[in-house]
Amino acid sequence: MELISKITLILDLTTFLLILGSTIVGVLIGALPGLSSGMAIALLLPFTIYLEPNQAIAAMAALYCGGTFGGSITAILINAPGAPPAAATAFDGFPMAQNGKAGKALGMAAVSSVIGGIISLIVLIIFAPTLAKIAYKFGPPEYFALAIFGLSMLASISSKSPVKNLIGGLIGLFVATIGVHLTTGISRFTFSVDELFEGVSFVPVLIGLFAMSEIFVQASKSELLLERIKFSAIKLPSITEFKNCGKTILRSTGIGTFIGILPAEGGTVSAMIGYNEARRWSKNKDNFGKGEIEGVAAPEAANNSATGGAMIPTLALGIPGSATTAVILGGFQIHGLRAGPYLFEQQPDLLYTIFYGMLLANFIFLVFGLLGAKIFSRISLIPRGFLWPSVFVFCLVGSYGLSQSMVDVYIMLISGVIGFFLRRAGFSPAPIIMGIVLGQLVENSLAQSIIIFDQNLFMFFTRPIAMTFFILTFLSLFYKPIKNLLTERKRT
Amino acid sequence: MRGIKMIKKIQSLFLSFALIITSFIGLGQVATTAVAEEFPSKPIEVVTHAGLGGGTDTTARMLLIRTRKNLKNNAYITPKKGDGGNKAMSYVKSKPRDGHTVLAITPTHLFRMARGGAALDIDDFVGVARTTVDPIVIFVNAKSPYKTIEDLIKAGNKKPIKYGGTNVGSVDHISGLIFAREAKTKIAFVPFEGGGAIMTNLVGAQIDAAGLNLDEGKDQLESGELRVLAVMADERLSALPDTPTLKEKGINASFATVRGVVVLKGTPPETIAKLEKGFLKAMAHPVYQNYLTGAGLDASSVAGSAAWDAEIKKIYKEARAALVSLGLAK
């Protein structure tokens, strides 16, 4: 068993401490809106040249794992997803925290993240060279079909009225069209603002729609009732609750690992689709968006399994599976290493270091997450008058820090105001976020497909993978009406 | 009481954390007051146009590691993303011409300038040093019937070649168009989000050919999934001794992803000389050289002020001519 004996690679003290430190730094940075693990790795890159290559790569991989998990903490506690992949976690995580179940939400996030993370790592170490080839099978037509499948759940993504969800989704799709169009180079809705040429950055919109609009909601509550401090807030989930989420976690892990492998997509799309599917198959559909624990388990398992998934094409083909893995590939270069088909034959030790480094990172944030849940959940006990002004500072810093641009801060504030009024009008942020996340993919992949197909859209029929997704989309939209129609006919 | 105390504790922790982060970000905004007498009198700011962790960002960071030691001075990177480098250029324009602000420049900036309406013009810069040179190589799928560049050109005359590259107006796009014009063939340009996506789609046979940097397709070339047909350079690459250049084939299209650093014109010559020396020494150090090798680049990537200054002006001129002839600029 070569695999097991290789655990010695990370067992020396320096490496262990590096992984420990990187994971915790990753969790903290991931938790802060506007600071992402990719950014942290990029900033640390030049310093890693003083480390052994194995140690440097293990530290970066651990930071990546920690960062993906960290985003959920602030998503749950203050409705400010620390990183885009945690956006879907806020849908139900924050309502749970408001209902006095912050500890349960955090505990579930930690456990489902770890399960997702570890399963995807096992897939990575065993099947990477084979699975990586999936990346080649996905051209623009396939991405288009996948994105359409994702969008098919738009109407039912939240328990709000389907019409409002669709309108919200369209708002999101509209926001995604801002900027220079990929295939024509025409700039749309940029109003000569330089910062908008590359599109509206996602993070400020995210912070605005979630956290900033929440601040307005909190500020508009005028009553000065002393809230009874709910000490149940620090309670962790029970074994039954974990058991009930088992299926959801496994399903999300599958979705996350698969979508993670696709180079164009990563944790954010995985979490969205994981959340959608959890709602579709859940018994408590109507509780989604109001604080359903499955709604936390699903996106967390999905976005963390996407880390292992994203590592598959990164290591096996040298194609980054996400923004963060792109930076990790940069780290390979600095150390004179090459990812790619040869890595598995020529440098198995490096592969095992990454595997064990990420595995260890998962266990570290499990411990950190479960112990920390009890401490972090107390944030939900902080009186509103103290908590939300500090969150406001976070919102400003988080949206500015990303690219040090005031335009991003304005985008955040505008999204906050729009988000507030949309929420008052009964809209949920979920479909809007989904529209933004999938909007660009839908548009770009369709535009590319049209060129590839010589303007002939019937060519989609020649693509089996794309057609499979189209059929799934059709079924998910029309299964119920058709079934209802048939049963009614039988009756008459 | 205990509850309140704890709340206060958490609150102060929270705030101090926020403060630390604020000051961390604030580092990028060091005040620009002191008038320099002797260079360098304050930290050097390198302005990039790209995201953290991309090629430009990483190159700048690797360059600065030893530059700090050589100039006995601190240096940091300020990313100013937007509008094809124009955002970075207008930021640099607002700074004093004392050598403490350096712009990391790429063909993106030069093409942006050539399109017109940019904050700065080509004559506003002085080249200090070149950091990387990465010629564009024409790749095709190894299973495709195109064995030579002539095969590809011939095929394009029957049906436009689906040619992958990055966004419209980029060096990939323009080089593809110029190649088609000079070789008298036709291409249908398919833009992708980045080199990785182009390579994947080429291996997956979604497109016929693509202009990539060698490094972006090197693994797939070695594993036999891709084939190289020609290099868009004046001389053959040492890594690809058997691959002809377009120039040898009588096709006048030489394009590369070059990166380097420039300062504003009007910076004292002795300051430029000091900067140049500091950068060149940093790039001769194994730290930078190993980075170049890791990225599949040649040591000859590095060049000094005179050569680099002439080169950016030449690229600009060619870009301008190309854009005008293609009707993309007036």
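This is a short tour of two helix pairs in chain A, the contact between chains A and B, and the two domains of chain B. The model is predicted.

**Stop 1: α10 and α18 of chain A**

Select residues 202–219 and 406–424 of chain A, which are helices α10 and α18. Their axes lie 7 Å apart, and the packing angle is about 55°. The crossing is right-handed.

Now show side chains. On α10(A), the residues that meet α18(A) include P204(A), I207(A), L209(A), M212(A) and F216(A). Facing them from α18(A) are, among others, I411(A), M412(A), G416(A), F420(A) and R423(A). Colour this contact by class: twelve residues are nonpolar, five polar and two charged.

**Stop 2: α6 and α11 of chain A**

Move to residues 102–131 and 239–261 of chain A, helices α6 and α11. Here the axes come within 9 Å and cross at roughly 40°. That angle makes α6(A) oblique to α11(A). This crossing, too, is right-handed.

Among the α6(A) residues in the contact are M108(A), V111(A), I115(A), G116(A) and V123(A). From α11(A), pick out F242(A), C245(A), I249(A), G256(A) and G260(A), which are among its contact residues. What does the class colouring show for the contact of α6(A) with α11(A)? Ten residues are nonpolar, eight are polar and none is charged.

**Stop 3: where chain A touches chain B**

Zoom out to both chains. Chain A puts 54 residues into the contact, and chain B 49. On the chain A side, select α3 (37–44), α7 (134–137), α14 (323–334), α17 (384–401) and α19 (429–452); each supplies at least two residues. Which of them gives the largest share? It is α17(A), with seven residues. By class, the chain A side has 32 nonpolar, 16 polar and six charged residues.

**Stop 4: the two domains of chain B**

Colour 36–133 and 256–325 of chain B as domain 1, and 134–231 as domain 2. Their C-alpha centres are 28 Å apart. Domain 1 brings 14 residues to the contact, and domain 2 brings twelve.

Stay on the domain 1 side. The elements giving two or more residues there are α4 (107–115), β4 (125–141), β9 (256–264) and α11 (305–325) of chain B. Select α4(B) to finish: its four residues are the largest share of that side. Overall, the domain 1 side has nine nonpolar residues, four polar and one charged.

Conventions. Residues numbered from 1 in each chain as written. Chains lettered and ligands numbered in written order. Predicted model: local features only at pLDDT ≥ 70, side-chain atom pairs only at ≥ 80, totals over all residues. Axes fitted to C-alpha atoms, helices over the stretch in contact; angles between N-to-C directions. Left-handed = near helix turned anticlockwise from the far one by under 90°. Contact = placed C-beta atoms within 7 Å. Nonpolar A, V, L, I, M, F, W, Y, C, P; charged D, E, K, R; others polar. Domains from an automatic or database assignment. Parallel < 35°, antiparallel > 145°, perpendicular 65-115°, else oblique.
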